[in-house]
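Have a look at the sequence and coordinates before reading on.

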Amino acid sequence: MNRSSLWMSVVVLTSAFIASTAGYVTAEPTERVIKITAKAFEYVPNEITLKKGELVVLELTSQDLFHGFNISDLGLRADLPPGKTARVQLTPDKTGDFEFHCDNFCGIGHENMNGVIHVVE
């Protein structure tokens with residue numbers, strides 16, 4: 001087989017492959033969105049259960065003050081300016097209970113502003 005015949009075969013096979021897969025759509029992983037509100041001096045909700053390997057987007061909104069959101073054991077941190085929403089993606093790769101807390105001092109009661117994410121199989 002000469003070079004031009006070989007290239008023609010490659011083009012024909014590639015075209016046939018593209019035509020045969022044109023109707024297929026690859027599924028993107030769907031994300032679960034969890035809305036969390038920060039306000040003096042609490043998160044609502046302050047307890048969340050996730051599945052290991054589940055793609056999640058946390059939508060974090062502060063209603064009043066400049067807060068922070070920190071889950072050091074999962075390597076996750078966000079600033080929460082008042083009236084803004086921060087979107088943070090998370091796919092937990094281990095099970096357990098992971099505490100989160102406000103890491104921007106927001107006044108008296110700040111030390112009690114925390115919660116927990118439970119990650120299960």
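Are Phe69 and Phe100 buried or exposed? Both Phe69 and Phe100 are buried, where buried means under 20% relative accessible area, exposed over 50% and partly exposed in between, using a 1.4 Å probe and protein chains only. Bear in mind that this is a predicted model, where local features need pLDDT of at least 70, side-chain atom pairs count only at pLDDT 80 or more, and totals for chains, interfaces and linings use all residues. Residues are numbered from 1 along each chain as its sequence is written, and side-chain values use heavy atoms, with hydrogens and water left out.

**The rings**

There are 3 aromatic pairs in the structure. Rings of Phe, Tyr and Trp (its six-membered ring) pair if their centres lie within 6.5 Å; planes under 30 degrees apart count as stacked, over 60 as edge-to-face and the rest as tilted. Two of the pairs look like this:

| Pair | Centre to centre | Angle between planes | Type |
|---|---|---|---|
| Tyr43 and Phe100 | 5.2 Å | 75° | edge-to-face |
| Phe69 and Phe100 | 4.8 Å | 35° | tilted |

Tyr43 sits in strand 2 and Phe100 in strand 8 (residues 96–101), so their pair ties together parts 57 residues apart in sequence. Strands here are DSSP runs (E, at least two residues), numbered from the N terminus. Phe69, in strand 5 (residues 67–71), is 31 residues away from Phe100, so that pair also links distant parts of the chain. Ring pairs join Tyr43, Phe69 and Phe100 into a cluster. Tyr43 is buried too, at 2% relative accessible area, and Phe100 comes in at 1%.

4 strands make an open sheet with mixed pairing, in the order 2-1-4-7; two strands pair if DSSP finds at least two bridges between them. Strand 2 (42–44) and strand 7 (85–90) are the edges, each pairing on one side only. Thr61 stands opposite Thr85 in strand 7.

**Arg77**

Over in strand 6 (residues 76–80) you'll find Arg77, which is partly exposed at 40% relative accessible area. Its side chain makes a polar contact of 2.7 Å with that of Asp79, and the side chains of Arg77 and Asp103 are joined by a polar contact of 2.7 Å. A polar contact is a pair of N or O atoms within 3.5 Å; within protein, one must be able to donate a hydrogen and the other to accept it, and residues adjacent in sequence count only if both atoms are side-chain atoms.
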